[in-house]
Every structure is written in C-alpha cells, then in structure tokens.
Amino acid sequence: DSGVAEIILTKTGLHAETISVLFSTLNGNTADSGDYIALTELEVSFDSNTFQQTVSIVITDDNILESTEEFSARLILPNNQQGVQLDDNNIINITIIDDDSVAVGIATAEYSISEDASVVNVSVNKIGSSAIPIIVTLVTMDRTAVAVLDYAETNLEITLESSDTEKTVMVPIVNDDVQEPQESFVVRLLVTQARVQLAQD
C-alpha cells in the first residue's frame, strides 16, 4: 500500500494574474495521518497559461494487514483570492487498498504424547502484524489413529485478534486402555481470508 496518490487539479476559464487554491488532507473514518503524509493548506498556483496542477500525497507502507481505508482532501480559497470560485468537486475521497499480508502456521511440525495425556496442545502462530482479526480453521484427519476411537475429531474456527501472536487449541486424546502400537493423526490449518497465507514449514 505504499506509493503516491496523484490528485489532478483543473482550472477552467481565463485570467491574467496568477491564482491560488489551498489543498488539505482530512482524516477519514478508517484512515489517519499514520497511513499517509498529511498536507495542510498546501498552496497550489495557476498562472494564466496553466490549466492543470498535480498534488502528490505519499501513502505510507506500515506492513500491517488492514481493511481498505479512506481519507479525504479538500480545496479552499485563500482569503485574499478574488474572482475565483470552487466547483462542486472541491472535496474528494481517496481509498487506500492494503497490500500487506500475514502468515499463520502450527508452531511445531510434530507432537508426541502418551495416550494418558488426555489432550495435545496445538499452538497456532501468527507471523506479521494485523489491524484486523485473522480467522483460520483447524481440522484433524486420520492416519493410523482413528477419530472418536483414538482422539476427538476437531473442526474449529480460530480467531487471532490484532494483539494475538499465538492461540492454543486442545485436541482431546482417548485413553482406551487397549494395548496398541504408536498411532498418529494429522492436524491442518485451512485459510480462506484474503492476504492470509500458510507459513512455510
């Protein structure tokens, strides 16, 4: 989401002297001055032969996964400006489309526990910063261990808030008092949220 928003100002009509307008940015409901470099009453001048000027607003890249954000900009006339009027487009809305991402993953590639441990604690990590909740689904799948008989089948939605870096999920283990060889099952994360990726092993 870093870059520059270029705002083109257009003048209509003829005049002999240089005229000016003042350009300012305004925080919106979702964007503030931490998302862009604010401009306050920047003077933009037009001489008699100039009909367009471009104002550049620098958008900052904060490396934080966010929702789409908006702010505004407006034009006003200096107090000493005579014979100039602003049209109805003197206020504009600017949208910042976020391009940052985060990754999520299971903290440990392999867990080994005894059957009488009752649960296995699976840690889900968030890698990167987010200003919005990150939602993933943790599911279990059979290998040599069988759901219900050896462990509790799990299909659980996990929410990592903006302040969270880790969440722990308890998957119950069934202690059946039956002599068996070592058994295993798989725990996976499923991701459908935009700009959320699975961490590489």
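What lies 2.8 Å from a polar atom of the side chain of aspartate 164? It's the backbone nitrogen of glutamate 161. Keep in mind that this is a predicted model, where local features need pLDDT of at least 70, side-chain atom pairs count only at pLDDT 80 or more, and totals for chains, interfaces and linings use all residues. Residues are numbered from 1 along each chain as its sequence is written, and side-chain values use heavy atoms, with hydrogens and water left out.

**The three-stranded sheet**

- Three strands form an open sheet in the order β12-β11-β14, and the pairing is antiparallel. Strands here are DSSP runs of E with at least two residues, numbered from the N terminus, and two of them pair if DSSP finds at least two bridges between them.
- At the edges sit β12 (155–160) and β14 (185–190), each pairing on one side only.
- From one strand to the next, the twist averages 25°. For angles like this, axes are lines fitted to C-alpha atoms, and the values run from 0 to 180 degrees between N-to-C directions.
- Strand β11 (residues 134–142) joins β14 through 6 bridges in the antiparallel sense. Look for leucine 138, which stands opposite leucine 189 in β14.

**The four-stranded sheet**

- Another open sheet has 4 strands, ordered β13-β9-β8-β15, and its pairing is mixed.
- Its edge strands are β13 (166–172) and β15 (196–198), and each pairs on one side only.
- With direction ignored, neighbouring strands of this sheet are turned by 25° against each other on average.
- Strand β8 (residues 102–106) runs with β15 in a parallel pairing over 3 bridges. Valine 102 has valine 196 in β15 as its bridge partner.

**Pairings around β6**

- Strand β6 (residues 69–76) pairs with β2 in the antiparallel sense, over 5 bridges. In this pairing, phenylalanine 23 stands opposite leucine 75 of β6.
- β6 also pairs with strand β7 (residues 91–96), again antiparallel, with 6 bridges. Here glutamate 70 faces threonine 95 in β7.

**Loop residues**

- Aspartate 164 is in the loop between β12 and β13. Aspartate 164 counts as buried because its relative accessible area is 18%; buried means under 20%, exposed over 50% and partly exposed in between, using a 1.4 Å probe and protein chains only.
- Threonine 50 belongs to the loop between β3 and β4 (52–59). With a relative accessible area of 18%, threonine 50 is buried too.
- The side chains of threonine 50 and aspartate 47 make a polar contact at 2.7 Å. That term covers a pair of N or O atoms within 3.5 Å; within protein, one must be able to donate a hydrogen and the other to accept it, and residues adjacent in sequence count only if both atoms are side-chain atoms.
- Threonine 50 and leucine 14 are 36 residues apart along the chain, and 9.8 Å separates their C-alpha atoms.

- Val4, Ile37 and Val58 make a nonpolar surface patch of about 240 Å². Patch residues have over 30% relative accessible area and no salt bridge, and nonpolar side chains (Val, Leu, Ile, Met, Phe, Trp, Tyr) are joined within 5 Å. A salt bridge would be a side-chain nitrogen of Lys or Arg within 4 Å of a carboxyl oxygen of Asp or Glu.
- Isoleucine 37 comes from the loop between β2 (19–26) and β3 (42–46). Its relative accessible area is 46%, so isoleucine 37 is partly exposed.

Definitions and conventions: Patches are made of residues with over 30% relative accessible area and no salt bridge: like charges are joined within 9 Å, nonpolar side chains (Val, Leu, Ile, Met, Phe, Trp, Tyr) within 5 Å. Accessible areas come from the Shrake-Rupley method with a 1.4 Å probe; for residues, only the protein chains shown count as cover.
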